[in-house]
Every structure is written in C-alpha cells, then in structure tokens.
Amino acid sequence: MNPTTNPRLTSWIPVPADSHFPIQNLPYGVFRRQTGGPAAVGVAIGDQVLDLSVLAARDLLPGGYFDRPSLNAFFAAGRAVQSGTRAVISRLLSADEARLRDDSALRGQALVAQRDVEMLLPCEIGDYTDFYASREHATNVGTMMRGADNALQPNWLHLPVGYHGRASSVVVSGTDLRRPCGQTKPADAPAPLFGPSKNVDFELELGAFIGTGNDLGTAIPADRTPDHLFGVVLLNDWSARDIQAWEYVPLGPFLAKNFGTSISPWVVPLEALEPFRVAGPKQDPEPLPYLKTKGPEGYDIQLEVSIQGAKMDRPHVVCRSNARYLYWSFAQQLAHHTVNGCNLRPGDLLGTGTISGPVPESFGSMLELAWRGTKPIAFPNGETRSFLQDGDRVTMTGWCQGDGYRVGLGEVTGVILPARSV
Ligand code: CA
C-alpha cells in the first residue's frame, strides 16, 4: 500500500471526520493570501493551506515548482517528482513528525487558514476537451431528442464521444456568470430570435488535469494513464439548452457551452483516489484493443448538486450521483484522445461529461431532472424549476467515504446573474 493513503495516518493538524482534506488527500491548489503577496502553490489540510513555496525556500521540497501562480510546472515534472513531493508533505504533516510541528516560526509562515486566502485557477489551461461518457446521461438526452429506441447513437458504445471546448472561459469556483444571450429558434417561431437564454442548465462532471503530456504523433496507451493524468476536480459545464438546440447542427455545441465552465480549486491527485477505485460498468460490446484496460478504472466518488435560489434560505440538494457510473473511464478517454497522435500538454483539462446514474435522483442536469420541463423540480419553499433562474446558486460537491475519514474534492459554486441588457 502507498503509505500516503494509509487510513490510520493522522496529522498533528486537527482534521474533523467530515472534512474533505485529511492527510490522506493532500490536494494541490494555487492561492493568494488576503494580506497580499504573490500567488503560490499550496496543499489543503483540514481548514488550513500549507504554503509549499515556504517549504521549498527552506529546501524541504524541490525548488522551481511552487513559488509561481500555476501548477503547470509541477504537472510537467513527472510521476517521480510528484510522488516524491507527496511523500515528503505527508511525512511533514504526520502526527509523529517533529520537523514542522515543533518549529513554531516555520509553521507560522507555512500555514494559513483557508478562510484567509483567495483560491485561483490551479493552472493555465491550454486546451479543454469535454466527453460524453455517462451511458445514463447519453440515453436520457437521446430518449428526449430521438425516442427510447434510438437513444444512443451507433458510435456511442464503441468510443468515448467528445468535442473540443473552450479553455479561456474556464473559471474557478466562486466566479458568478451572466446568463448568456444568443440565437434560439422556438418550434412555433417563424424565424430565430435573439435574447437571453431561457434554458440555462448545469452539468455535473469531473475534470481531469493532464500531468506529463505526449508528443505529437504518439499515443498514450490506456494502461499508462497514471503517468499522464495528474488529478481531478469538480466541473460544472454550464449549458444554454435553447441556444444549443438551434446551433449544434452539424458541428456540435458552440456558444451554448463556452460562456463559462466552473471548476473546484483543489486538484486531488489520482494517488489519493487509488484506495477508492472500483470496477466501472460492464462494457458490452467489448471495446477495441486500444481501449482495453486491465484493472478497475472506476472511482467511487459520491457527488451532490444543490441549488439555492435568491429567495431560499438554504441550498436544496437536487441530485445525488456517483463517478462510478461513468461508462468510459479516464484511461479510455485519454487513450482515445491521443490514438490519432493528438498531443496533450500539462494542464490540459478533460471533462467527463454529465455524470448521471440509474435513478431519477441521480440525473446530473436539470434537463434530465425536470425531464425537458415536463416534471419541474419542487423546492421546500414552494418554488419550482425546470431550468435555472437569475440569482440561483449551483453548488457541486464530491467525496470518497473512507472508514472514519473522507477524501473530498471540496466544492464548485457559482451564481447565474441576469443577462446583460441587449
Ligand atoms: Ca458537458
């Protein structure tokens, strides 16, 4: 077993059992102190941030990766550096390790409360690709559009369907977004209309960050994923369904998707998720050889989405799903993406696509939860929703449940603001 994920490991920093950030997690993020100073790379532990740039300046960690406003250099450093760094951080935070625990001056410099920092995007994202890897989601959407008999397109069970998204509008949790304006074509309208989207939706996804890339012209084999995928975040792929329905033929979604994509700030390394690997859904028909993997490639990550409208006094959970429902694994997404020789670079982001499960409560978008407006979601204060209203806050969270601890992804949250006047 990897000693950094040992369930019995404890830290001298107190961590409540329901915290997402015990010593078994150690996710990386980029932060800036509210007191000022440059952005730096840190690790979350309990309700604190461990400033890795301070530890590197004392030669406790390697230099060149952490005194900077992005994780790209660390993503590119490769597994040996990444695993070695994780092992050192785990050791420094362990209950029986005195080096940092008993040095109050160093501790004062290296630890800062999470409430006293601003979290930034974890890296410069060169490219963003969004897959469509949940069979339940693809089936639900296909059923609504084409009927149950033709729900899945002929290619769907043979390859992880994806498209190239837009990296410039990926934003960190806490960023509010304007309701987008665009063209829509209601069925009964003789010509397209222009105005604010009426069908703004969320999509519950995970995002995976590329660590070491691959050269143009080479492919990443499915069983080499751990060398190239660094870690995961929560991802809300905001969508304007009415704009999408009119614009998507024949090249796929465009302005319906690129007005904003929100991610959680803490990147949880695959190493931390290793104890929570599970078998994914059985794949039938059997995938082609380049998409075959050996071990269990699913992850048991419980996922929740809540909505809080402007007039609601608390968030209301509208979806409970799990990453284990994904039909196409990260490994298969990566293998497929590069099988033609397409090069991925450190900090590129892969979205899984909406993660829906088998029961209605586990559907990962409002399109599915309210079944295209036919079954509006009811809230405790009497309000209903088929799609998001101005002022609605959408919050996603996710965690792996260990025995007495949680390895969590934190949360991604954002509010839909009124459209700009047009
Ligand atoms: Ca999506």
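Does Trp328 count as buried or exposed, and at what relative accessibility?

A: Trp328 counts as buried, at 1% relative accessibility. Buried here means under 20% relative accessible area, exposed means over 50%, and partly exposed is in between (1.4 Å probe, protein chains only). Keep in mind that this is a predicted model, where local features need pLDDT of at least 70 and side-chain atom pairs count only at pLDDT 80 or more, while totals for chains, interfaces and linings use all residues. Residues are numbered from 1 along each chain as its sequence is written, and side-chain values use heavy atoms, with hydrogens and water left out.

On to the ring pairs. Rings of Phe, Tyr and Trp (its six-membered ring) pair if their centres lie within 6.5 Å; planes under 30 degrees apart are stacked, over 60 edge-to-face, and the rest tilted. That rule gives 13 aromatic pairs. One of them is Phe66 with Phe74, whose centres are 5.2 Å apart with 55 degrees between the planes, so the pair is tilted. Phe66 is buried at 1% relative accessibility, and Phe74 is buried at 0%.

Elsewhere, Arg385 lies over the face of Phe379, 5.6 Å from the ring centre; the rule wants NZ of Lys or CZ of Arg within 6 Å of the ring centre and within 35 degrees of the ring normal.

Phe379 turns up again around Val318, which is in contact with Phe202, Val305, Ser306, Ile307, Glu361, Leu369, Ile377 and Phe379, leaving aside neighbours within four places in sequence. Contact means heavy atoms within 4.5 Å. Val318 is also one of the residues with the most contacts inside the largest nonpolar core, along with Phe202, Leu206, Leu273 and Ile301; that core has 59 residues. Another core lies apart from it, with 41 residues, including Tyr28 and Phe75. A nonpolar core is a set of buried Ala, Val, Leu, Ile, Met, Phe, Trp, Tyr and Cys residues joined through side-chain atoms within 4.5 Å.

Then there's the calcium ion. Its protein donors are Asp130 (OD), Glu203 (OE), Glu205 (OE) and Asp237 (OD), 2.2 to 2.3 Å from the ion. Asp130 in strand E6 (residues 128–131) and Glu205 in strand E13 (residues 204–210) are 75 residues apart, and the pair links distant parts of the chain. Both Asp130 and Glu205 are buried. Donors are N, O and S atoms within 2.8 Å of the metal (3.2 Å for Na, K and Ca), and sites may look incomplete because water is not among the atoms. Helices (H or I, at least four residues) and strands (E, at least two) are DSSP runs, numbered from the N terminus.

Trp371 has phi near 40 degrees, a positive value in a residue other than glycine. Trp371 sits in the loop between helix H11 (366–369) and strand E23 (377–378), and is partly exposed, with a relative accessible area of 24%.
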